[in-house]
Amino acid sequence: MLLEAFGSFLQLLYLAMLVLAVVALVFAVTAREDAYRAADKQKKSFWLIILGVTVFVNLVIPILFLQIAGVIASIVFMVDVRPAIKAVSGGGGSRGGSSSDGPYGPYNGGR
C-alpha cells in the first residue's frame, strides 16, 4: 500500500515536471528573438534546444537525474529569463498606473 502511494506520488511528480517543461517551452517559442538579446539573456535557439530536450527527456527517457536537470533549466527560464523578456518587450507591469506609483499607491512627495 505504501509503495502504491509512493508510485502515485512519483507519477504526479513526473507529470508536474512535464507540464512545467511544456509551459516553459511554449513561452520560449512565443517570445521574440530580439527580446532575448535586449534582455541580455542567451539566444532563443539555446533556450528552445534546452527546453525541447527537457520535454523529450520527460516524455521518452524517465531517468530522474536527467529530469531534475530539466526541471532546473525550466525553473531558471520561468524565474529569470521570462520576466526579463516580458519587461523588455513591454508585457509586464502595466496595470494602468503612473510611473510614480509605489507598491501601495501613488507617491505624492510627502504631501
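**Helix packing and the pocket**

Author: The axes of H1 and H4 cross at roughly 40 degrees and come within 9 Å of each other. The model is a predicted one.

Reader: Why are H1 and H4 called oblique to each other?

Author: Angles under 35 degrees count as roughly parallel, and 65 to 115 as roughly perpendicular. The angle of H1 with H4 is roughly 40 degrees, and H1 and H4 are therefore oblique. The crossing of H1 and H4 is left-handed.

Reader: What makes H1 and H4 a contact, and which residues of H1 meet H4?

Author: Contact means heavy atoms within 4.5 Å. On the H1 side the residues are Tyr 14, Met 17, Leu 20, Ala 21, Val 23, Ala 24, Phe 27 and Ala 28. They meet residues of H4 that include Leu 64, Val 71, Phe 77 and Arg 82. By class, this contact has 13 nonpolar, 2 polar and 1 charged residues.

Reader: Why are H1 and H3 called roughly antiparallel?

Author: The label applies to angles over 145 degrees. H1 and H3 pack at about 155 degrees, with axes 9 Å apart, and are therefore roughly antiparallel. Their crossing is left-handed. Among the H1 residues that meet H3 are Leu 18, Val 22, Leu 25 and Val 29; H3 contributes Leu 48, Leu 51, Val 55 and Leu 59, among others. The contact divides into 12 nonpolar, 3 polar and 1 charged residues.

Reader: What makes H3 and H4 oblique?

Author: Roughly antiparallel needs an angle over 145 degrees, and roughly perpendicular one of 65 to 115. H3 and H4 cross at roughly 140 degrees, their axes coming within 9 Å, and are therefore oblique. H3 passes H4 in a left-handed crossing. Trp 47, Ile 50 and Val 57 are among the H3 residues that meet H4, where the partners include Leu 66, Ala 73 and Val 81.

Reader: What makes a residue part of the lining of the largest pocket, and which residues are they?

Author: A lining residue has an atom within 4 Å of a pocket point. The residues are Phe 27, Thr 30, Ala 31, Arg 32, Ala 35, Tyr 36, Phe 77, Arg 82, Ile 85, Lys 86 and Ser 89. H1, H2 and H4 each give two or more of them, and H4 gives the most, with 5. The space in this pocket is about 160 Å³.

Reader: How do you know the classes of the lining residues?

Author: Arg and Lys count as charged, and Phe, Ala, Tyr and Ile as nonpolar. The lining has 6 nonpolar, 2 polar and 3 charged residues.

Note on methods: Residues are numbered from 1 along each chain as its sequence is written. This is a predicted model: local features need pLDDT of at least 70, side-chain atom pairs count only at pLDDT 80 or more; totals for chains, interfaces and linings use all residues. Side-chain values use heavy atoms; hydrogens and water are left out. On a 1 Å grid over the protein atoms alone, a cavity is a set of points where a 1.4 Å probe fits but cannot get out, and a pocket is an open set with protein on both sides within 12 Å along at least five of seven lines; lining residues have an atom within 4 Å of a point. Grid points are joined across faces, edges and corners, and a volume is the space filled by probe spheres set on the points. Helices (H or I, at least four residues) and strands (E, at least two) are DSSP runs, numbered from the N terminus. Axes are lines fitted to C-alpha atoms, for helices over the stretch in contact, and angles run from 0 to 180 degrees between N-to-C directions. A crossing is left-handed if the near helix is turned anticlockwise from the far one by less than a right angle, and right-handed if clockwise.
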